[in-house]
There are 2 protein chains.
Amino acid sequence: MSKSVAGPEIEKLIQLLAKVPGLGPRSARRAALHLIKKKDQLLGPLADAMREAYDHVGVCSVCGNVDTSDPCTICTDARRDRSVIVVVEDVADLWALERAGALNALYHVLGGTLSPLDGVGPDDLNIKSLVERASNGDVKEIIIAVNATVEGQTTAHYITDQLEGLDLSVTRLAHGVPVGGELDYLDEGTLSAAMRARTRL
Amino acid sequence: MSKSVAGPEIEKLIQLLAKVPGLGPRSARRAALHLIKKKDQLLGPLADAMREAYDHVGVCSVCGNVDTSDPCTICTDARRDRSVIVVVEDVADLWALERAGALNALYHVLGGTLSPLDGVGPDDLNIKSLVERASNGDVKEIIIAVNATVEGQTTAHYITDQLEGLDLSVTRLAHGVPVGGELDYLDEGTLSAAMRARTRL
């Protein structure tokens, strides 16, 4: 991007595309060119879809999901089990669990993990609102589905402390061998966790 | 993308983003989420930039470049040497040469290379219009700057044949060692080409 070779409209498009995760300056140029070549099939529809999303998509004030309605379709879905809240770090994790169809419950998006080094404290995450939701009497279980990282586990422990005294069970996802995973490629931590949590065949 | 978990607006955005080169279904989801989170900094401006590009950018009817004006700013640039036309496969190559500032000449974008296996014949490329431009009397040199691939070289030879009989010289880019390149990592073809074309120090 050292020298501007295309017109300002195209340069602007390339600069913004380069900020999209997964694209860099070089691939943004390639993407912009592809979009311009596929004007009617891709560029126009994508511009419309982005405008639509910009105008209509927002963050759910209850759970932190992103959706076109507030509260979101998951929060207002009457067929869901309202006694269980799955706590996730990010909306991407919510989507992953929904794709897996793992549970028909409600969610709560933290918006990150506790990370003192990065200056992320409890007030920067949606923990207070989780405790409020958990206190309403209907909730019987909080499943903490954060990543199995140090920050994730620290956050999980902090949340567990905050929920103490409430009449509900706090659970976490099981550790173990990924389905389809080969033992040879797994780290020792996962293997010993899977061994400890072994179940009867 | 097996199961729709987000609203239709978001799903539509993800589906279209997945068609952008450099992004796949998984990274499109990540990109969509990032865009929605950075609504005002990224999603809105990108939607506008795409709309702008859609409304204003087109293909130059003279050289095949993409630009907001037709003929493009390069074709109408009075400071350029109008006696030299650089023939490239794609607009990306034109941009690359412009960034390099290699020459202050005109361009001609072929739109691909001859490839019988893919059903790309001479009529699918902008070869006829090149011969017309080359015949106008002003042009003294045609530099064929296609990729150094089999298809590129085949196309170069075909074009050279088409230009035969016209009073101009047809040249190609030099083969040799890339600047900053290490001999150890270069293929034999490049090395022997560089050896044959050696110059006096």
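This is a predicted model: local features need pLDDT of at least 70, side-chain atom pairs count only at pLDDT 80 or more; totals for chains, interfaces and linings use all residues.

Student: What makes chain A and chain B related as by a two-fold rotation axis?

Student: How many residues take part where chain A and chain B are in contact?

Tutor: There are 50 residues of chain A in contact with 50 residues of chain B. About 5100 Å² is buried between the chains, 72% of it on carbon and sulfur atoms. Met50(A), Trp95(A) and Arg99(A) supply 14% of the area that chain A buries against chain B, more than any other three residues.

Student: Which residues have the most contacts inside the largest nonpolar core?

Tutor: They are Leu17(A), Met50(A), Leu17(B) and Met50(B), in a core of 80 residues. Take Leu17(B) as an example: its contacts include Leu46(A) and Met50(A) from the other chain, and Leu23(B), Ala28(B) and Leu35(B) from its own. Leu17(B) belongs to helix 1 of chain B, where Ile10(B), Leu13(B) and Ile14(B) are also among the buried residues. The cover over the buried residues of that helix includes helix 3, strand 2 and helix 4 of chain A, together with helix 2 of chain B.

Student: Why is Val91(A) called buried?

Tutor: The cut-off for buried is under 20% relative accessible area. Val91(A) has 4%, so Val91(A) is buried. This residue sits in helix 4 of chain A. Among the residues that Val91(A) touches are Gly64(A), Val109(A) and, from chain B, Leu33(B). Val66(A) is another residue that Val91(A) touches; the two are 25 residues apart along the chain, yet their C-alpha atoms are separated by 7.2 Å.

Student: How do you know that Asp90(B) and Lys37(A) form a salt bridge?

Tutor: The rule asks for a side-chain nitrogen of Lys or Arg within 4 Å of a carboxyl oxygen of Asp or Glu. Here the closest N and O atoms are 2.7 Å apart, so the pair meets the rule. Asp90(B) counts as partly exposed at 22% relative accessibility, whereas Lys37(A) counts as exposed at 51%.

Student: Which helices do Asp48(B) and Arg51(A) belong to, and what is the distance between their closest N and O atoms?

Tutor: Their closest N and O atoms are 2.4 Å apart in a salt bridge. The pair crosses between chains, from helix 3 of chain B to helix 3 of chain A. Asp48(B) has 41% relative accessibility and counts as partly exposed; Arg51(A) is partly exposed too, at 29%.

Student: How many salt bridges does the rule find across the interface of chain A and chain B?

Tutor: The rule finds four. It also finds ten residue pairs in polar contact across that interface. As for the side of chain A that touches chain B, its largest share, 15 residues, comes from helix 3 of chain A.

Student: Where is Asp77(B) placed, and why does it count as buried?

Tutor: Asp77(B) is in the loop between strand 2 and strand 3 of chain B. With 15% relative accessibility, Asp77(B) counts as buried, because buried means under 20%. Its side chain meets that of Arg80(B) in a salt bridge, 3.3 Å from N to O. Arg80(B) counts as buried as well, at 11%. In chain A, salt bridges that share partners join Asp77(A), Arg79(A), Arg80(A) and Glu98(A) into one network.

Student: What else lies 3.0 Å from a polar atom of the side chain of Asp77(B)?

Tutor: That is the backbone nitrogen of Arg79(B). Over all chains, a search of the whole structure finds twelve salt bridges.

Technical notes: Residues are numbered from 1 along each chain as its sequence is written. Chains are lettered from A and ligands numbered from 1 in the order in which they are written. Side-chain values use heavy atoms; hydrogens and water are left out. A nonpolar core is a set of buried Ala, Val, Leu, Ile, Met, Phe, Trp, Tyr and Cys residues joined through side-chain atoms within 4.5 Å. Buried means under 20% relative accessible area, exposed over 50%, partly exposed in between (1.4 Å probe, protein chains only). Contact means heavy atoms within 4.5 Å. Helices (H or I, at least four residues) and strands (E, at least two) are DSSP runs, numbered from the N terminus. Buried area is the accessible area (1.4 Å probe) that two parts lose on being put together, summed over both. A polar contact is a pair of N or O atoms within 3.5 Å; within protein, one must be able to donate a hydrogen and the other to accept it, and residues adjacent in sequence count only if both atoms are side-chain atoms. Lists of a residue's contacts leave out its neighbours within four places in sequence.
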